[in-house]
Structures are given as structure tokens and as C-alpha cells.
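Me: Hi! Could you walk me through this structure?

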Amino acid sequence: MARVNISLDADLAIEVMLLAGTKSPQDAVELIVRDYLERGRRTEARTGNAADQDRLADRRSAPEEGR
């Protein structure tokens, strides 16, 4: 697995560690990123993807034929 190194404000890292209940900033950030991705996948599964939303919006705004 490839690794990415980032810099974070120390106070921010500590706050995330406390909130996530982890012992290292690395674990906290990984947990937060994984959670973020899972939430996005669950939301997409419930609502469809962005292309679906555009397609449905176009259909709703178009006048019905024969009226």
C-alpha cells in the first residue's frame, strides 16, 4: 500500500485523537478518512450518484407532453 505524508496542526491532531479514541494521529486520521468514505458510499447507495440527480432534475423541470 502506498503511503502519503501530510502535516497537520498539532492541536487539530490531538483533538481528532481524543474524539476518535485512538493513541496515534496516524490511526485517528485513517479512521476519520475511512468513516468519511463509508458515509459517502452509503449516501450514494441511498440517493444515487451525481449523474442520476442531474438526469432526474432535468426530467422534473421539463413540462409534460400533451398539456
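Me: What kind of model is it, and how are residues numbered?

Reply: This is a predicted model, where local features need pLDDT of at least 70, side-chain atom pairs count only at pLDDT 80 or more, and totals for chains, interfaces and linings use all residues. Residues are numbered from 1 along each chain as its sequence is written, and side-chain values use heavy atoms, with hydrogens and water left out.

Me: What caps the N-terminal end of α1?

Reply: Asp9 does, with a side-chain oxygen 3.2 Å from the backbone nitrogen of Asp11. The helix covers residues 10-20, and just after α1, Gly21 takes a positive phi of about 75°.

Me: And α2, how far does it reach?

Reply: Helix α2 (residues 25-47) spans 33 Å from its first C-alpha to its last, close to the 33 Å expected at 1.5 Å a residue. That expected span is 1.5 Å times one less than the number of residues. Just after α2, Gly48 has a positive phi of about 90°.

Me: Switching topic: how much of the chain is buried?

Reply: Of its 67 residues, 4% count as buried. Buried means under 20% relative accessible area, exposed over 50%, and partly exposed in between (1.4 Å probe, protein chains only).

Me: So where do Leu12 and Leu31 fall, buried or partly exposed?

Reply: Leu12 is partly exposed at 43%, and Leu31 is partly exposed at 42% relative accessibility. Leu12 sits in α1, while Leu31 belongs to α2.

Me: What is the C-alpha distance from Leu31 to Met17?

Reply: They are 9.7 Å apart, C-alpha to C-alpha, and 14 residues apart in sequence.

Me: Last one: which residues lie nearest the centre of the largest pocket?

Reply: Arg3, Val4, Gln26, Val29 and Glu30, out of 14 lining residues. A pocket is an open set of points on a 1 Å grid over the protein atoms alone where a 1.4 Å probe fits, with protein on both sides within 12 Å along at least five of seven lines; lining residues have an atom within 4 Å of a point. The largest pocket holds about 440 Å³ of space.

How values were computed:
A polar contact is a pair of N or O atoms within 3.5 Å; within protein, one must be able to donate a hydrogen and the other to accept it, and residues adjacent in sequence count only if both atoms are side-chain atoms. Helices (H or I, at least four residues) and strands (E, at least two) are DSSP runs, numbered from the N terminus. Grid points are joined across faces, edges and corners, and a volume is the space filled by probe spheres set on the points.
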